[in-house]
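Some notes on how the two chains meet, for your reading. Please check them against the coordinates.

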Protein chains: 2
Amino acid sequence: MIGSKASVINAIPDRWKYLKNVIIVKVKHSGDKTTVYARPLARLIEQLQRLPGVGPKSAQRLALHILKRPEAEVEALAQALIEAKKQIGLCSVCFHLSAEPVCEICRNANRDNNTICVVADPRDVIALEKTREYKGKYHVLGGVISPIDGIGPEQLTILALQRRVNQQKPKEVILAISPSVEGETTTLYIGQLLKPFTKVTRIAFGLPVGGDLEYADEVTLARALEGRRELD
Amino acid sequence: MIGSKASVINAIPDRWKYLKNVIIVKVKHSGDKTTVYARPLARLIEQLQRLPGVGPKSAQRLALHILKRPEAEVEALAQALIEAKKQIGLCSVCFHLSAEPVCEICRNANRDNNTICVVADPRDVIALEKTREYKGKYHVLGGVISPIDGIGPEQLTILALQRRVNQQKPKEVILAISPSVEGETTTLYIGQLLKPFTKVTRIAFGLPVGGDLEYADEVTLARALEGRRELD
């Protein structure tokens, strides 16, 4: 290591001498893992770094925290990881995350079978459920139409939705898809597809509650104006 | 749930009617977990929330990410957790994290036995090792003296350090403990204890490299002045 470092540094012409320190720092940084951490710790840090939003620093912090916890607690976490992965699949009706073939929401007889709320992702179902306002059923598309990423209607659960609408004959299909370009495309596509069979609505876009008119972006404001309603 | 919510709301006098919405929001928020997540997912989110710096939102994000990953990857993470916890203990010589009875640094014959660098925590060893400047041995105290938290010298590995200095007879003991009130106490305590037997030094405190004089706090600046050295 020291040999190769020296040879890299000697290869630098004198007029770039100020660069030497920069390069030393770089060389020092590579290969940190091998010597600094005991092997099982290094492996844990490496695995934790694969999680979203976890960089080398937080991976180290998490790993050192885990080493301090009692063994039972660490095992509970490991067990929870494996069990969640093994037991949770997609509901065969609505494609929401579920530990059973048909999810809790679809099985719930108290929920209104006459409305289907169409969302892009399971996390949208979770967000809507947290409002406790919606009492109908859901349909999770598994994404939005995005030709650039090679995602067409066939890659999503749109065919299953169409079939479900034909069988179940809901009174209303609510499209709750984020208003990005791809989201709009998806909304329009599904709207066209289902309009002949049922009433299709979409959620309102406008000023967020607690939001300040002054700070809202133009598109949101335009949407809020467009979606205005008579006072009652 | 709905019953108790209604009774809470009815108990509010009319002049505080505007409070009703606030309370409804609160009631809605409690008990989210039970209905929104499938059980194994809820358990995983709960476990992830025990990690430092992971709140309910990031726990949900991490859990949903994990569900999307291949089973082998999730198992590798679970395995790494259990193995790190099972295999990593403390080095019997220096009390750094180690997968073996004596850690890699203590076993390394190329490292200088004549210097012992005393730090509070294993993460300090990792930080110092990353500099690749230090080639001696370490001693991890396992904390700093803090009477308020009930941590005296006996709760730390100070006795072991004293014994080690008497046996190993190092030429220098470097104290590398953060300059908090407790850190200073610890530094002074160990300094008094070891001075009769060996040379005791402490790391320099001053302006961080890349730091701006203007933005440095007074204590740091005072330390930097105090620790000034003649130009060579």
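1. Buried area here is the accessible area (1.4 Å probe) that two parts lose on being put together, summed over both. By that definition, chain A and chain B bury about 5700 Å², with 64% of it on carbon and sulfur atoms. Leu81(A), Lys85(A) and Arg132(A) supply 12% of the area that chain A buries against chain B, more than any other three residues.

2. The model is predicted: local features need pLDDT of at least 70 and side-chain atom pairs pLDDT 80 or more, while totals for chains, interfaces and linings use all residues. Side-chain values use heavy atoms, without hydrogens and water.

3. Counting contact as heavy atoms within 4.5 Å, 58 residues of chain A and 57 residues of chain B take part.

4. Eight salt bridges are counted between the chains, each a side-chain nitrogen of Lys or Arg within 4 Å of a carboxyl oxygen of Asp or Glu. Lys68(B) forms a salt bridge with Asp121(A), with the closest N and O atoms 3.8 Å apart.

5. Helix H6 (residues 71-87) of chain A packs on helix H4 (residues 39-48) of chain B at about 145°, the axes being 8 Å apart. Axes are lines fitted to C-alpha atoms over the stretch in contact, and angles run from 0 to 180 degrees between N-to-C directions; helices are DSSP runs (H or I, at least four residues), numbered from the N terminus. Among the residues that meet are Leu77(A) and Leu81(A) in H6(A), and Arg43(B) and Leu44(B) in H4(B).

Notes: Residues are numbered from 1 along each chain as its sequence is written. Chains are lettered from A and ligands numbered from 1 in the order in which they are written. Helices (H or I, at least four residues) and strands (E, at least two) are DSSP runs, numbered from the N terminus.
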